Amino acid sequence: MEAQVTAHARYSLGEIDNRLYGAFLEHLGRAVYTGIYEPGHPTALPNGMRKDVIDLVRNLDVPICRYPGGNFVSAYNWEDGIGPQADRPTRLDLAWRTSESNAVGIHEFAEWAEAVGTDMMLAVNLGSRGLDAARNFVEYVNHPGGSYWSDLRRKNGRAAPWNVKLWCLGNEMDGPWQVGHKSAAEYGHLANETAKAIRAFDDKLELVVCGSSHSEMPTYPQWEATVLDESYDQIDYISLHMYFENYEKNTAEYLALPEKLDRYIGTVGGVIDYVKSKKRSKRDVKISFDEWNVWYHERKNDAKRMKEWNWPHAPVLLEDIYNFEDVLQVGCILNTFIRRSDRVRIACIAQLVNVIAPIMTEPGGAAWRQTIYHPLHLASRFGRGTALLLDVECASYTADVADRVSYLDVAGVHDSEAGWLTFFAVNRHGQEPMEINLSAERFGTIKSVEHTLIKHDDLEARNSKEQPDNVAPQQVKDKATIEGNRVRVTVPPYSYSMIRLKL
Ligand code: AHR
């Protein structure tokens, strides 16, 4: 099979916001406890944070990390996580039916964020609580001193404010499963009033309002229209979530799902434009896709186990073990975000450690990369710069979610400063190799080509503590040909490639 891909220096979608490669960490299962935090672990720093995990996260170069939830935040009292650790209360977490020790709170998370070099994206509880708790939390985190909450932070050992810029106004408030779930009108009103109070404190902060939990929600996309109608003038982003499943074990259908993601982004973009026009506004609201990933491997088991257990602390929960097929899916999802980066400014893989995560840990033992770590790592490291509007010619197939799914899923990024043109390409054909003919118009001379490939003959291949590199990228040597401004690369069936042209 052959594909033609043409990139032109003048056809771009604009600068990618680095926060497209963000992540999410919730007080859920072993994400925090024995994930990032494990006093007594051989690599633990004096503050109890695992250095082995810090190193793996640093290597991903995560620009932003959303915290502390997720469903967890909708019944969370942020004040439980401050002050001497020994005095902090254990609470029942209603979202996941577990016990929360509160040993990690905002101070510990902030120290960890600094250690991994990521900015914090904090969520406030608009489920069981509301405006007052939210504005107090913002004051605690961001005010220098001289007020009740800021002085309490200082007393608790942190003199300088953290100056967190990005705040989520609740989580998935359209979901009946959410503690304190609301109708769109109720939530839109509360989000607007909370945003006004936060803006009265600091109008430079960036605020994220909840959109739909996924595009099959019965209230979608009217939810977006109502919520934006209530809050448009006060907010900067609308949040969307989507998880990908392959219960049927049908790879072609599974890998077509990013078409649905693309449509979801397009539709919500249209709703944003509709409300903007209705309000005769100049304001641009963008999308924060702050939860996305593959989530199905353990999902049904977990739902059953959760019903039966007795409020355990940090149990094994949502620990999907990813396979090679999921590498292809994550590659297509990231490509979709790059192609939609004019609308999507922030995206967070959900989640980061142990819980539906690219990084796994063993209590007291090793930390390793799951298969999906690799496409995320490559995109985060090399997918920064200008997103390109590519012309792609390739055969396609018909799937349940779309009539024409191209066998080649590809995104292109130009880093003009460093002089690289990078393509991320997934061959969605299971039997045929694909010859990709890349044409780079007006970028200057192509000096060399690098081809990084992720391929395994078994779609079910996984990484584990014993075999951490079973699925991993490899460099393909001397297989690409350069003729003027054209490059020819052949990629195997069902494979993920990063092709970089040095200019
Ligand atoms: O990431 C797991 C859960 O998925 C989050 O807590 C929630 O926001 C979503 O439904």
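Here is a short exchange about a predicted model.

Student: What should I know about the model first?
Tutor: It is predicted: local features need pLDDT of at least 70, side-chain atom pairs count only at pLDDT 80 or more, and totals for chains, interfaces and linings use all residues. Residues are numbered from 1 along each chain as its sequence is written, and side-chain values use heavy atoms, with hydrogens and water left out.

Student: Why is W292 called buried?
Tutor: Buried means under 20% relative accessible area, exposed over 50%, partly exposed in between (1.4 Å probe, protein chains only). W292 has a relative accessible area of 1%, so W292 is buried.

Student: Where is W292 found, and what does W292 touch?
Tutor: W292 is in strand β11 (residues 286-294). Strands (E, at least two residues) and helices (H or I, at least four) are DSSP runs, numbered from the N terminus. Contact means heavy atoms within 4.5 Å. Leaving out residues up to four places away in sequence, W292 touches residues including M242, I333 and L376. W292 and I333 are 41 residues apart in sequence and 8.6 Å apart in space, C-alpha to C-alpha.

Student: How do you know that β1 and β21 pair?
Tutor: Two strands pair if DSSP finds at least two bridges between them. Strand β1 (residues 2-8) and strand β21 (residues 434-441) have seven bridges, in the parallel sense. H8 stands opposite E441 in β21.

Student: What makes β16 and β24 edge strands?
Tutor: The open sheet of five strands runs β16-β1-β21-β25-β24, with mixed pairing. β16 (391-393) and β24 (481-483) each pair on one side only.

Student: Which residues of helix α6 are buried?
Tutor: In α6 (residues 222-231), they are W223, E224, A225, V227, L228 and S231. Their cover includes α5 (184-201) and β9 (206-210).
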